[in-house]
Amino acid sequence: MTGIVLRNSTHFEPGRLRAGVLAVLVHIAFFVFMIFGLNWKTFPPEGMAVELWSSLPPPPLPVQPEVKAPPPPPSPPPPPEAKPLPPPRPEVPPPAKPDIAIKEKIEKPKPEKKPVEQKQPSKKEQKELKEQAEKEKAKELKEKEQKEKEQKTRIAAEVDRLQREQEANDKLQQLAAAQSRLSDEIAEYKAKIMAKIRRNIVMPPDLPGNPVVEFDVTLLPGGDILDVRIRSSSGYPAFDSAVERGIFMSKPLPLPPDPALFSKFRNLNVKVHYHE
């Protein structure tokens, strides 16, 4: 037969109460954590607002530092107490000078300066000084005459040079004028020769263009023709022959009256254009 042993329920094991309290505290803490620690509700994100500026705002004005008033100057120290001055001494009058000393000082005359005696030169010295002065005067006069003579010589030489230059200039001007007259006279008689030859030429008709023929003419004194040679043909024999006949028909050619100019006309170059 199995026996059943009944234990008294009022008897507790040691430490069981402490474990039960701890278990209750743990359940309470877990319950609080479940309620307040976890937030299962989800919220949509909040929108973001943006402001657009057309230009940047002006920078903030600089903060002026506060100017502190200077501390008041220290008060001057009190003046030292004035010491009492000693009593003035009585003035003692100077001793009186005797009247005799004052009179002597007044009447004492100043020493006069003695004039310096000038030593008179002797007769010999006077004579030497006079001779020396005359020599210097004669020397100055001679130098003056020499300078005047040199100046006159320079003036005469300059005048002579200017006269020679003027004569040379006059000669050059006369020569230039004579050459100009000769050139004009030579040109004048050459023009007369060409005019006379031109009058004696019988031009062939209807030549094309403006042909030119050139001849060398040798003259004799008096204007007679010694020789006529063609230098450059015009390309038209009729025109060349007509000019050559006109040259021979123009003798004697006009020459200047001065025989010295004949050398300018001995060998003539005659150039004739079909159309002048």
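How many helices and strands does the secondary structure of the chain come to? The secondary structure comes to four helices and three strands, where helices (H or I, at least four residues) and strands (E, at least two) are DSSP runs numbered from the N terminus. From the N terminus on, these elements follow the order α-α-α-β-β-α-β. This is a predicted model, in which local features need pLDDT of at least 70 and side-chain atom pairs count only at pLDDT 80 or more, whereas totals for chains, interfaces and linings use all residues. Residues are numbered from 1 along each chain as its sequence is written, and side-chain values use heavy atoms, with hydrogens and water left out.

**The chain as a whole**

- Of the 276 residues of the chain, 12% count as buried, a class that means under 20% relative accessible area, with exposed over 50% and partly exposed in between (1.4 Å probe, protein chains only).
- The accessible surface of the chain comes to about 26,400 Å², of which carbon and sulfur atoms hold 61%; such areas come from the Shrake-Rupley method with a 1.4 Å probe, and for residues only the protein chains shown count as cover.
- Among contacts (heavy atoms within 4.5 Å) between residues at least 6 apart in sequence, 74% join residues at least 24 apart.

**The sheet and the helix across it**

- The three strands form an open sheet in the order 2-1-3 with antiparallel pairing, where two strands pair if DSSP finds at least two bridges between them.
- Strand 2 (225-232) and strand 3 (267-273) are the edge strands, each of which pairs on one side only.
- Neighbouring strands of this sheet are turned against each other by 25 degrees on average, direction ignored; the axes are lines fitted to C-alpha atoms, for helices over the stretch in contact, and angles run from 0 to 180 degrees between N-to-C directions.
- Strand 1 (residues 212-219) is joined to strand 3 by seven bridges, the two running antiparallel; V212 stands opposite H273, and D216 stands opposite N269.
- On its pairing with strand 2, strand 1 is antiparallel over six bridges, and the bridge partner of E214 in strand 2 is S232.
- Strand 1 and strand 2 form a hairpin with five residues between them, and G222 in the turn has a positive phi of about 100 degrees.
- Helix 4 (residues 237-249) lies across strand 1, strand 2 and strand 3, and runs at about 30 degrees to strand 1.

**H273 in strand 3**

- H273 has its place in strand 3 and counts as partly exposed because its relative accessibility is 27%.
- Not counting residues up to four places away in sequence, H273 touches R198, M203, N210, P211, V212 and F239.
- The C-alpha atoms of H273 and F239, which are 34 residues apart along the chain, are separated by 9.7 Å.

**Salt bridges**

- A search of the whole structure finds seven salt bridges, each being a side-chain nitrogen of Lys or Arg within 4 Å of a carboxyl oxygen of Asp or Glu.
- In the pair formed by E158 and R161, the closest N and O atoms are 2.3 Å apart; because these residues are three apart in helix 3 (residues 123-199), about one helical turn separates them.
- Both partners count as partly exposed, E158 at 37% relative accessibility and R161 at 33%, and a network of salt bridges links E158, R161 and E165.
- E214 forms a salt bridge with R231, with the closest N and O atoms 3.5 Å apart; E214 lies in strand 1 and R231 in strand 2, so the pair ties together parts that are 17 residues apart in sequence.
- E214 counts as buried at 14% relative accessibility, whereas R231 counts as exposed at 52%.
- The side chains of R229 and D227 also meet in a salt bridge (2.9 Å, N to O), R229 being exposed with a relative accessible area of 59% and D227 partly exposed at 27% relative accessibility.

**A nonpolar patch**

- A nonpolar surface patch of about 1,200 Å² is made by L17, V21, L22, V24, L25, I28, F30, F31, V32, F33, M34 and I35.
- Patches are made of residues with over 30% relative accessible area and no salt bridge, with like charges joined within 9 Å and nonpolar side chains (Val, Leu, Ile, Met, Phe, Trp, Tyr) within 5 Å.
- V24, one of the patch residues, is found in helix 1 (residues 16-37) and counts as partly exposed at 47% relative accessibility.
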